There are 2 protein chains.
Amino acid sequence: MERKKFSGSPCPIARSLDVLGDWWNPLILRECLYGNSRFDELQSWLGISRNILTRRLAELVEAELLSKQAYQEKPARFEYVLTEKGHDACLVLLALMPFGERWYFKKGQHPIELRDRETGELVKPLVIDANTGKPLDSKTLVPCPGPGFKAPKSIKERRFSEYYDSLVE
Amino acid sequence: MERKKFSGSPCPIARSLDVLGDWWNPLILRECLYGNSRFDELQSWLGISRNILTRRLAELVEAELLSKQAYQEKPARFEYVLTEKGHDACLVLLALMPFGERWYFKKGQHPIELRDRETGELVKPLVIDANTGKPLDSKTLVPCPGPGFKAPKSIKERRFSEYYDSLVE
DNA sequence: TTCAGTGAGTTCCATTATGGAACTTTGTAA
DNA sequence: TTACAAAGTTCCATAATGGAACTCACTGAA
């Protein structure tokens, strides 16, 4: 069976997972961000099988997170460059860093960290609520119908009115 | 072949992808965050096959993102509750929202949005650099050896010194 | 007391996807 | 003329996925 796709989903999380919900694609993006953006580099750094890498790169180019660019002709050689959309996706990867550091490494013992290329200053990704400026707390959230919400008939949507009710109450 | 695992990786992103690098696990967490945390609820909301759901829930409990709790006995009935680690992982999901909204929906036409349960105020996830307070820009970052860095011999690590050099230069 | 219904899974199966390894292709450098 | 490199392909055995049907424990109604 083919992997289930979420291209029709009304949820931005689900939609994003079509391309980011996988273990190789995020790592490929990470390497491109780090500057290892050629086929053989990606292959040996990640330890990914070459045939899979070929497929994933095609996916990422198709999804417009990467663009395939020749860095020389004769012989033709390529590199995969992050697009604007790709850079945007990298923010999600970066949100994984504090999670990984906190739960998989002893405090202060993570082997990698990020710095600003210019200043050399440490960079600590943090997810906040842009409206209040405060760190986001997932415990206080409720999903609600947004401006593009269209009420349909499946159970999935029946529930949305419940969310809505709970808000209006 | 079994899916490749990253439990030995020095990268917090890779480590996190062992459990989050997949399309169902994040969606299951999303549903638990939204309050749909029982087997049949998850199954019908997500449209996931029951056998897969069973496996994924076991994984998430094993990874301590969810805990399985009986909400009644006789007959035994369970719900899957987000742990602290699970809530932490939700922040990553929430970072997917602005990405998904921006790239998969017309501006201002996303069907779902988040609100604070108490105040009803809109919540907009945003990834910033905790040190400067400014929105994170992935184009300016360099990966560097962290405090727990141990230099080994594989090509993977050879490159780290390059990162390091480029910083020191 | 029997019977349909519910929640929480299992079992079975055909189809895909994954990972490992070997093999191409095109062009360059010795 | 031979060795080497980059960027893929091809082939294969094994695993994972998704769909559907089945189980099991209990309950509330007839």
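Me: What makes Arg30(B) count as buried or exposed?

Reply: Arg30(B) has a relative accessible area of 7%. Buried means under 20% relative accessible area, exposed means over 50%, and partly exposed lies in between, using a 1.4 Å probe and protein chains only. Since 7% is under 20%, Arg30(B) is buried. A word on the ground rules: this is a predicted model, in which local features need pLDDT of at least 70 and side-chain atom pairs count only at pLDDT 80 or more, while totals for chains, interfaces and linings use all residues. Residues are numbered from 1 along each chain as its sequence is written, chains are lettered from A and ligands numbered from 1 in the order in which they are written, and side-chain values use heavy atoms, with hydrogens and water left out.

Me: Where is Arg30(B) found, and which residues is it in contact with, leaving aside neighbours within four places in sequence?

Reply: Arg30(B) is part of helix H2 (residues 24-34) of chain B; helices (DSSP runs of H or I, at least four residues) and strands (runs of E, at least two) are numbered from the N terminus. Beyond the neighbours within four places, Arg30(B) is in contact (heavy atoms within 4.5 Å) with Leu46(B) and Leu93(B), and also with Cys11(A), Ile13(A) and Ala14(A).

Me: How do you know what Arg30(B) forms with Glu31(B)?

Reply: The closest N and O atoms of the two are 2.7 Å apart. A salt bridge is a side-chain nitrogen of Lys or Arg within 4 Å of a carboxyl oxygen of Asp or Glu, so the pair meets the rule. Glu31(B) is buried, as is Arg30(B).

Me: What does the pair of Lys124(B) and Glu101(B) tie together, and why?

Reply: Lys124(B) forms a salt bridge with Glu101(B), at 2.8 Å between the closest N and O atoms. Lys124(B) sits in the loop between strand S4 (122-123) and strand S5 (125-129) of chain B, and Glu101(B) in helix H5 (residues 84-104) of chain B, so the pair ties together parts that are 23 residues apart in sequence. Lys124(B), at 31% relative accessibility, is partly exposed, whereas Glu101(B), at 13%, is buried.

Me: What makes Arg115(B) partly exposed, and how accessible is Glu113(B)?

Reply: Arg115(B) has 21% relative accessibility, which falls between the two cut-offs, so partly exposed is the word. Glu113(B) has 10% and is buried. Their side chains meet in a salt bridge, 3.0 Å from N to O. Elsewhere, salt bridges that share partners join Asp22(A), Arg56(A) and Glu59(A) into one network. Over all chains, the structure holds 16 salt bridges.

Me: What area do chain A and chain B bury between them?

Reply: About 9200 Å², with 66% of it on carbon and sulfur atoms. Buried area is the accessible area (1.4 Å probe) that two parts lose on being put together, summed over both. Ile13(A), Trp23(A) and Trp45(A) supply 8% of the area that chain A buries against chain B, more than any other three residues. In contacts, 91 residues of chain A meet 90 residues of chain B.

Me: How many salt bridges does the rule find across the interface of chain A and chain B?

Reply: Four. Arg102(B) and Asp88(A) meet in a salt bridge, with N to O at 3.1 Å. Helix H5 (residues 84-104) of chain A gives the most to the side of chain A that touches chain B, with 19 residues. That side divides into 53 nonpolar, 17 polar and 21 charged residues, where Ala, Val, Leu, Ile, Met, Phe, Trp, Tyr, Cys and Pro count as nonpolar, Asp, Glu, Lys and Arg as charged, and the others, Gly among them, as polar.

Me: How many helices and strands does chain A have?

Reply: Chain A has six helices and six strands, in the order α-α-α-α-β-β-α-β-β-β-β-α along the sequence. Of its 169 residues, 50% are buried.
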